[in-house]
Amino acid sequence: MRAIIKKLLREFWVAKGKFILCVLAAAVSGWGISSVTYSYLMTERDFHENFDATVPAHFSITVDGYTEAVKERIARHESVETVERREMLGGRIKNNKDVWMSLVVFGVEDLNALKLDQFKITDRIASEKHFILIEQNATDFLEYASDTAVLQFPGSTETVKVAKGGVVHDARMAPAQMEQVVYSYTLITELDSLLPAGKARLLIKTRNTEATREAYQEVANRITELVKAQGASVTEVVIPNPGEHMHQPIIDGIAFLQKSFGAILTILGITLLSLILLTWLLPQLIQVGVIKALGASTRQIYVGYLIVLLLIIAVGLSIGLPLGFKSAALFNKFIAFLQNFTVIDEPFPIYTHGLVMLTASVLPFLFGMMHIRRIARITVREALSTTFHSSSSGLIKYFQTIIHTAKLRYGMSNLFRSGIRTALLVALLSAGIALFFTGSNLSYSFRTDFESYYRASRYAITIGMTDTTSNRLAFLNQLPSVESVAYLRTLRRSYTVPLTNKIKSTTIKQYPPDYDMNPSLVTEGRIDKTCADCIFIHPAMRAAEFGSIQFGDTISVTDKEGNVTKYRYSGVIRDMGGAHGGGSMYRFMTEQNKAFGQVAIRLKAGVPIPGALLEIEKALGENNIKYSGISNVETLLEGAFNHFKPTYYLVQGLGLFTVTVAFLGMLIVLNLTIQERTLEIGIMKALGSSSKDIANLLQMEFTMITSVSILLGFALSIFFTGTLCELYGEMVRGQRIPPLNNYTVILITISLLMLAQLILIINYGNKRIQRTSNALLNHIT
Amino acid sequence: MIRLENVNKTYHTMGGQVHALKDASLSVEAGDNVVIIGKSGSGKSTLLNIITGIDRAESGQVIVNGSVLTQLNESELAIWRGKSIGIVFQFYQLLPTLSAADNILFAMELVGSIPTGERRARAENLLNQVGLADKRKKYPNELSGGEKQRVAIARALANDPPILVADEPTGNLDSKTSDQIHQLFLDLNTAGKTIIKVTHENIEHLRYNRVFSITDGRIKDNLAHPA
């Protein structure tokens, strides 16, 4: 056995390139497995250290008629562990480009004694003036020389100047860059004049309660009764998904992709390792026969080769594991950015690395062992036979009957005689193609879907209003860029879910009679503006809660005073922003909304949005109109699209990487093909073929491989796109996003792949055949 | 038909320089039935490589079937070889993934000198000529040694070359099968083909009209032996 190991090591020493390739394949495999394992461990640790450490509230309630006594009574409730007042106020803030940005200010009772939804004050500047602390991710937006921030709140046309009192890290909030929102913090006393009188928002952490929404809802119901008994009322209960971050759906999606990435990288590494092991082992067949003829046992050969395999894996892992750790750390940093987490840098205990090493080595070892077992068990007679394939299988014979030229039949039979290798190459290439197409399809599907909402919206600009007197806004209609104006109202209501009989809260968006809705947004039913009791629902709500509803069925909606109104189900309306909290409801009014919260503005054809925005903002200022914010379809579209960018990039990057590795695999196979067909190439030369002719034959074979891979990859990409569109759509939007194929990218990619393959074989294959031709021919004669 | 003048060929091996052909000269006329004899390592395979254009002479003149081989590039040599010479190997060298008929068709498709519509019929005729009409669908691993060699001869004739070169064509066959193969070559010679056979065997039982012996890279034109 020692002699066998010595022989193999000596061969590797002579053919160092082959050894390096084997090691690299083992490294890729180890990289794949360890990157998944490490990133799982890292993200779990970061989540625990960041999010769990904030002591998240289980739910929040809004109390009308609030007094300190109400809070004390809630705190004494048997199911309540902690209660803390935390106000939240929306507004806007001037950024360093002197442009208004969305602002959320949290008001806390005591900055030094936070109990729930805790944040860390990382920098505190003493100030005697009014102040806000800025969430660390938003500081880039506010890096102007001044120590003062300029704010504006709903209901006021006046700006407020406050001191920038320091920096906060709030791991619960999304990064400002992603949300384009500045989160800030101050004392409740600072916000007193801006908060509605007698109202308060309370954070509540339960005790001895199961960590489910249902259990928290149960406690919230009891507290609602308790508050009622105190002469106040609970107007809103918000229960976040237990243990979930604000961006949990996006993080879950990316984590899913990351796991898939690791799985693919693992398969890729193993496939590559299998391919390379075959190039190492196949030419050894005759030698194995000779060694056996000399008296070596199958066991001796098996163990000897296995030890060398272990050496390859060990060297491979010494490269792959650090790479896996590094890429996991990079990935984790990315996830930490999405979650606004601080990355925990402490080293893992040694046994964790040991465990990862074990996990990473098992699969390549098993696959390598499989090949070695086959080689070691070969008989002397089989090994010394000059043919390295079976040429008379039924499948080959069948293909031979349906193909007309001998050249094509030769190419086809070559694919079958090295069947495992062809299958591995096809698997590798089709996986890469599938992923690349999927990334591009996802981006295309999401953009097309989002655009379908925003482009279908005939109202390009929406103003969030605090002044609800429509007759004061008549000037908007007179603006040169404005075609028409519609006044919208959104009401908060509750309803009973037919399937579960549970009460859920929702919003009803009321469209005025002159609102011109694009019919393409009505996916079920028809708008009848004369119907006063017609109600439409969001697709997510329709799918999850109203599965069996028929047109005309009753939907009962309850207002906060407990008054029930019955509506007739009339259809489904697609609404980009309506998926939150399970979906909104929609009504078309027979008369104008008396009060309203939004003004939808339709622009004249061809008017660019940026110019119109400036004109509208200026007019609002000149007319002294208070408003909370202005949004437009372009920025909403970009914002929505940007949230998914990491996903497209991750999938496309993975695809590109896999295709590159597949081409590396193709190069290895091409080499092996030329090597093992030395005799045949010589025969063809002797029969009158030039190197170019032989390269063309190889080209034909590899074109078959690439074509099958493209077809398979395309089919797989349709499946992946569909699955991810459904997964992401339901996670983020509450409904499936229609999957589409980006044929432009697909066709360009196919052309480039074919071209790359052509160049690879014409240049590399032809040169290789030419360079070795004399040696090949001498081998024959 | 074949003329070699002062041809030299040297190989560089790990054991040092090997002068495979030394001022080798040879002349073969159309329709000759030639045997080249020599021991292992004498240079006979190199000579065959030079005649077939598989290898290039370092010096000297090589003219085969009217073409000066030293003046042709690799592609031109391939085309010339396909049309001018049929090669038969000691170990048959049939393509293992193709049937007997397909091996012949493959050779025709590579060269392209036989019109597409005539190829299949020609392949069947050739198999018929070598006595293997009923084995056309068989794969090499389903044929005996003699049958493989006969398919190899049929393949060598695929593009109707005027010269047939055979390297130890019966070196791997029993005496009865060898006689059948030699007879086949004789029939082809009678039909007008120029035959060159290389062998290290005893040639007493062979029929030929010219014989060359090769020793240490030097060719000696022996006396003709009436075929």
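Visitor: How many cavities of 30 Å³ or more does the structure hold?
Guide: The model is a predicted one. A cavity counts here as a space where a 1.4 Å probe fits but cannot get out. With the volume threshold set at 30 Å³ or more, the number of cavities in the structure is 5.

Visitor: Which element gives the most to the lining of the second largest cavity?
Guide: Two or more lining residues come from each of α2 (74-84), β6 (85-88) and α5 (145-156) of chain B. The greatest contribution is 3 residues, and the element that gives it is β6(B).

Visitor: How do the residues of that lining divide into nonpolar, polar and charged?
Guide: The classes are assigned by residue type, with Gly placed among the polar residues. On that basis, the lining of the second largest cavity has 2 charged, 3 polar and 8 nonpolar residues.

Visitor: How many salt bridges does the rule find across the interface of chain A and chain B?
Guide: The contact involves 32 residues of chain A and 31 residues of chain B. Together the two chains bury about 2,900 Å², with 57% of it on carbon and sulfur atoms. A salt bridge requires a side-chain nitrogen of Lys or Arg within 4 Å of a carboxyl oxygen of Asp or Glu. Across this interface, the number of salt bridges found is 0.

Visitor: How many residue pairs are in polar contact between chain A and chain B, both at pLDDT 80 or more?
Guide: The count takes in pairs between the two chains in which both residues are at pLDDT 80 or more. Under that condition, the number of residue pairs in polar contact is 1.

Visitor: Which element gives the most to the side of chain A that touches chain B?
Guide: At least two residues each are supplied by α12 (394-402), α13 (406-417), α19 (678-686), α20 (691-733) and α21 (743-780) of chain A. By class, this side has 10 nonpolar, 16 polar and 6 charged residues. With 7 residues, the element that gives the most is α13(A).

Visitor: How many residues apart are R172(A) and D117(A)?
Guide: Their side chains meet in a salt bridge at 3.5 Å, N to O. R172(A) sits in the loop between β7 (160-169) and α4 (176-179) of chain A, while D117(A) sits in the loop between β3 (100-108) and β4 (120-124) of chain A. The pair thus links distant parts of the chain, with a separation of 55 residues.

Methods. Residues numbered from 1 in each chain as written. Chains lettered and ligands numbered in written order. Predicted model: local features only at pLDDT ≥ 70, side-chain atom pairs only at ≥ 80, totals over all residues. Heavy atoms only, no water. 1 Å grid on protein atoms, 1.4 Å probe; cavity = no way out; pocket = protein on both sides within 12 Å on 5 of 7 lines; lining within 4 Å. Points joined across faces, edges and corners; volume = space filled by probe spheres on them. Helix = DSSP H or I, 4+ residues; strand = E, 2+ residues; numbered from the N terminus. Contact = heavy atoms within 4.5 Å. Buried area = accessible area lost by both parts, 1.4 Å probe. Polar contact = N/O pair within 3.5 Å; in protein donor to acceptor, adjacent residues only side chain to side chain.
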